Amino acid sequence: MLCVPAGCGGELSGPRGSFNSPDYPNKYPENRECIWYISTSLGSSITLTIHEFSVEFHQDCNYDVLEVYGGPDLLAPQLAKLCTTTSSPLQVSSTGNLLTVRFKSDSYVSGRGFNASWAEVQGGCGGPVTAPSGEIHSPSYPSSYPQQRGLFLGHQRGSQPPSLLKLL
Ligand SMILES: [Ca+2]
């Protein structure tokens, strides 16, 4: 189910901007799927910062989940999958200039959701578009990271070639 209503997904472009879950900071609606397609200028990369994150928890993220993919669509390698409330900002970095973010809620129980912003980083890795790798790091890297829970990293199931994924 793709969602059409305003404020839920869409194409985002430009050097920086922000977006949030539907109705944020109020509780997000149930049974909603939102997909944001973020693009910055060719040759740049993207840093996505999730400032607040509050959803219904499930250990395998089966209920409500935010997923970040390092490419033009949901077939790109998955860089992050979040389903635990955290008050520490989280950052996800792409190596290409495209990022796809998917938020999904199920039929019961919601939370405040999230707000996030992206910023273009010049001179990412020099290559346009198809860089199949990404990394995720804590906000204060390389200093010691703040206590942080519930961050699950994994490649998307399927036949994607192995990609670089570093937890620093
Ligand atoms: Ca839910």
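**Strands, burial and confidence**

Modeller: Strand β4 and strand β9 (residues 113–121) pair in the antiparallel sense over nine bridges. The model is a predicted one, in which local features need pLDDT of at least 70, side-chain atom pairs count only at pLDDT 80 or more, and totals for chains, interfaces and linings use all residues. Residues are numbered from 1 along each chain as its sequence is written.

Colleague: What makes β4 and β9 a pair?

Modeller: Two strands pair if DSSP finds at least two bridges between them. β4 and β9 have nine bridges, so they pair under the rule of at least two. Within this pairing F53 stands opposite F114 in β9. β4 also pairs in the antiparallel sense with strand β7 (residues 90–94), over four bridges. There T49 stands opposite Q91, and the C-alpha atoms of Q91 and T49 are separated by 4.4 Å although the two residues lie 42 residues apart along the chain.

Colleague: What is the secondary structure of the chain?

Modeller: The chain comes to zero helices and 12 strands. Helices (H or I, at least four residues) and strands (E, at least two) are DSSP runs, numbered from the N terminus.

Colleague: Why is strand β4 (residues 45–54) called largely enclosed?

Modeller: Seven of the 10 residues of β4 are buried, so the rest of the structure largely encloses this strand. A residue is buried if 20 or more other C-beta atoms lie within 10 Å of its own, exposed if 12 or fewer, and partly exposed in between, with C-beta atoms placed from the backbone. Over the chain, buried residues make up 36% of the 168 residues.

Colleague: Which strands does β5 pair with?

Modeller: β5 is joined to strand β8 (residues 98–104) by five bridges, and the two run antiparallel. V68 stands opposite V101 there. Four bridges join β5 to strand β6 (residues 78–82), again antiparallel, with E67 opposite K81.

Colleague: What makes up the largest nonpolar core?

Modeller: The largest core has 29 residues, and those with the most contacts inside it are I38, L48, V68, L99 and V101. β3 (33–39), β4, β5, β6, β7, β8 and β9 each supply at least two of its residues. A nonpolar core is a set of buried Ala, Val, Leu, Ile, Met, Phe, Trp, Tyr and Cys residues joined through C-beta atoms within 7 Å.

Colleague: What is L99 in contact with, leaving aside its neighbours within four places in sequence?

Modeller: L99 is in contact with I38, I46, L48, V68, G70, S94 and W118. Two residues are in contact if their C-beta atoms, placed from the backbone, lie within 7 Å.

Colleague: Where is confidence lowest, and where is it highest?

Modeller: Confidence is lowest in strand β11 (residues 151–152), at a mean of 44, and highest in β3, at 98. pLDDT is the predictor's confidence in each residue, from 0 to 100. The chain averages 80, and 69% of the residues score at least 70. pLDDT stays under 50 over residues 126–135 and also over residues 145–168. Where pLDDT is low, the predicted coordinates should not be read in detail.
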